[in-house]
Amino acid sequence: SGHDDDVEHVAWSHGSDLLATASRDGTCRLWEFEGRPIRTLAGHESDVISVSWASDNLSVVTSGDDGRIIRHDVATGKILNIVEGDGVETDTAQLTADGRILSGDDEGRISILRDGKIVARKKCHGAGIKKLAWNESDGLLLSSSYDGLIRIHAITDDDRLEHHFEA
């Protein structure tokens, strides 16, 4: 069966027929393309707002209104790590091929995480960040915000966020 509340986000796995949904019922669910549920992922204390697949499809990352960013093992459903985002709602998270997690929060900050720890954080918008989109081939991150702006940022190998464009 489906979620018990609104579905906030859906994401295809990379090159396979699996998908993941994030819901205000506090869970993420994994599904086969035909609609058969595989498993429910828990760990958030409130609404789950986004979900993103690792490039190898072995894990997903969820973010939510509790400020948590959680990486889950797809095969077992086990929580691999939890990052507490200082209680600020985190509406969006993306995974890079090298395992970094990029997240945007309600204070307009973008955070870069490695190995379950925040290694960089920068205020990039005047209001909360609604969505992030990662372009792996160009190393560019697109952010959209409640401040009415979109911004494109480059992320360097040493985890610096460089502003490139705004509209």
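**Sheet.** I started with the strands and found four of them in an open sheet, ordered E5-E6-E7-E8, with antiparallel pairing. E5 and strand E8 (79-84) are at the edges with a single partner strand each, so one side of each has no neighbour in the sheet. Direction ignored, neighbouring strands here are turned by 15° against each other on average. For that angle, axes are lines fitted to C-alpha atoms (for helices over the stretch in contact), and angles run from 0 to 180 degrees between N-to-C directions. My strands (E, at least two residues) and helices (H or I, at least four) are DSSP runs numbered from the N terminus. I call two strands paired if DSSP finds at least two bridges between them.

**Ground rules.** This is a predicted model, so I note that local features need pLDDT of at least 70 and side-chain atom pairs count only at pLDDT 80 or more, while totals for chains, interfaces and linings use all residues. Residues are numbered from 1 along each chain as its sequence is written, and side-chain values use heavy atoms, with hydrogens and water left out.

**Strand pairs.** Inside the sheet I looked at E6 and E7, which pair in the antiparallel sense over five bridges. Val 60 has His 72 in E7 as its bridge partner.

Next I checked E3 and E4, antiparallel over four bridges. Arg 29 is bridged to Thr 40 in E4. Their hairpin has four residues between the strands, and Gly 35 there takes a positive phi near 100°.

E11 and strand E12 (residues 117-123) are antiparallel too, over six bridges. I picked out Ile 112, whose bridge partner in E12 is Ala 120. This hairpin has two residues between the strands, with Asp 115 at a positive phi near 50°. Gly 116 is also in the loop between E11 and E12. I get 23% relative accessibility for Gly 116, which makes it partly exposed (buried is under 20% relative accessible area, exposed over 50%, partly exposed in between, with a 1.4 Å probe and protein chains only). Gly 116 and Ile 69 are 47 residues apart in sequence, yet their C-alpha atoms are 8.8 Å apart in space.

**Salt bridges.** How many salt bridges does a search of the whole structure find? I get 16, taking a salt bridge as a side-chain nitrogen of Lys or Arg within 4 Å of a carboxyl oxygen of Asp or Glu.

I followed Arg 24 and found a salt bridge with Asp 47, closest N and O atoms 2.3 Å apart. Arg 24 is in the loop between strand E2 (18-23) and strand E3 (28-32), and Asp 47 in the loop between strand E4 (37-41) and strand E5 (48-53), so the pair ties together parts 23 residues apart in sequence. Arg 24 is partly exposed at 28% relative accessible area, whereas Asp 47 is buried at 18%.

Arg 24 also forms a salt bridge with Asp 65, closest N and O atoms 3.4 Å apart. Asp 65 is in the loop between strand E6 (59-64) and strand E7 (68-73), and this pair links parts of the chain 41 residues apart. I find Asp 65 buried, with 17% relative accessible area.

Then I looked at Arg 114 and Asp 159, a salt bridge with closest N and O atoms 2.8 Å apart. Arg 114 is in strand E11 (residues 109-114) and Asp 159 in the loop between strand E15 (150-155) and strand E16 (161-166), 45 residues apart. Arg 114 is partly exposed at 26%; Asp 159 is buried at 12%. I also noted one network, where salt bridges that share partners join Asp 86, Asp 105, Glu 107, Arg 109 and Arg 121.

**Cysteines.** I looked for disulfides (pairs of cysteine sulfur atoms within 2.5 Å) and the count is zero. Is Cys 28 buried or exposed? Cys 28 is buried at 1% relative accessibility, and Cys 124 is buried at 10%.

**Surface.** Last entry: Leu 142, Ile 150 and Phe 165 form a nonpolar surface patch with about 240 Å² of accessible area together. Phe 165 sits in strand E16 and is partly exposed at 41%. Patch residues have over 30% relative accessible area and no salt bridge, with like charges joined within 9 Å and nonpolar side chains (Val, Leu, Ile, Met, Phe, Trp, Tyr) within 5 Å. Accessible areas are Shrake-Rupley values with a 1.4 Å probe, and for residues only the protein chains shown count as cover.
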